[in-house]
Amino acid sequence: MSTVLVIKAHPATEDVSNSLVIGDHFVETYRQAHPEDQIIGHDLYAEGVPEINSSNLDSWKKLTSGVTYQELSENEQILLSRQQQLQEQFIQADKYVFISPMYNLFLPNRLKMYLDLVIVSTKTWVEGAHGPEGTLHDKKAIHIQSSGGTYHHSDNAFMATLDMGDAYLKALLGQVGVKDYQGIYCEGNSHRDPDDMAANRETIAKEAEKVAKEF
Ligand SMILES: Cc1cc2nc3c(=O)[nH]c(=O)nc-3n(C[C@H](O)[C@H](O)[C@H](O)COP(=O)(O)O)c2cc1C
């Protein structure tokens, strides 16, 4: 049995979002194809993500200097236990599904905030003789992304280099050992009329369906 972690990072709802519709279709297809697997979902905009601020930087420092968890303030404990829960879930998962829109050629900020909480030194990577070494192995990831422009389905190879959010996610996961990474891109939405957008969404949902069965 595998555990699949589905991370939705979109402030919108399914009725107005291409990536969420495709993401839900991916998850439903996956569920039917792999009924024995456990699927854990997070909606980062509905749930919120703890921000890294001076107070949790302070509590991390206190812990490394010998202060015990019980000696931290109630607020510090709440923040730390939420972070630890998210980290443990991330480390335990076998497969990751990230669902997000492109914002300014990057990932939405809550996805970055989530990654800053779960990708951490000594847990997901360690300092090796030749640089960082990932501690996560035999895992795979899918990134379902929607964008106004066309980056990956473009004839112009330069366009793909502008998608820094997807490249970053792939590089970051690769650094912690998750090398099996695939993107599913629903693109060109700013230039499509509603019918064309719906047709394109349908095409990409079919692609997602195929990937979900084999994921
Ligand atoms: C704040 C913001 C920034 C955006 N930046 C980009 C961008 O850099 N490139 C792009 O192609 N589309 C950009 N878009 C458009 C969205 O990526 C596009 O509307 C996408 O289809 C939204 O995802 P959805 O279809 O799942 O709702 C931006 C939209 C917003 C709201």
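Reader: Which residues of α8 are exposed on the other side of the helix?

Author: This is a predicted model, in which local features need pLDDT of at least 70 and side-chain atom pairs count only at pLDDT 80 or more, while totals for chains, interfaces and linings use all residues. Residues are numbered from 1 along each chain as its sequence is written, and side-chain values use heavy atoms, with hydrogens and water left out. Exposed means over 50% relative accessible area, buried under 20%, partly exposed in between (1.4 Å probe, protein chains only). On that side of α8, the exposed residues are Asp 195, Lys 210 and Glu 214.

Reader: Why do the buried residues of α8 line one face?

Author: The buried residues are Asn 200, Ile 204, Ala 205, Ala 208, Val 211 and Ala 212. An α-helix has 3.6 residues a turn, so residues three or four places apart point the same way. Seen down the axis of α8, the buried residues line one face because they fall within an arc (of the directions from the helix axis to the C-beta atoms) of 145°.

Reader: What covers the buried residues of α8?

Author: Helices (H or I, at least four residues) and strands (E, at least two) are DSSP runs, numbered from the N terminus. The cover includes α1 (18-33), β6 (140-146) and β7 (180-186).

Reader: Which side chain has an N or O atom 2.6 Å from an oxygen atom of the ligand?

Author: For Ser 17, a polar side-chain atom lies 2.8 Å from a ligand oxygen. For Ser 146, the distance from a side-chain N or O atom to a ligand oxygen is 2.9 Å. The 2.6 Å distance belongs to Ser 19.

Definitions and conventions: Contact = heavy atoms within 4.5 Å. Polar contact = N/O pair within 3.5 Å; in protein donor to acceptor, adjacent residues only side chain to side chain.
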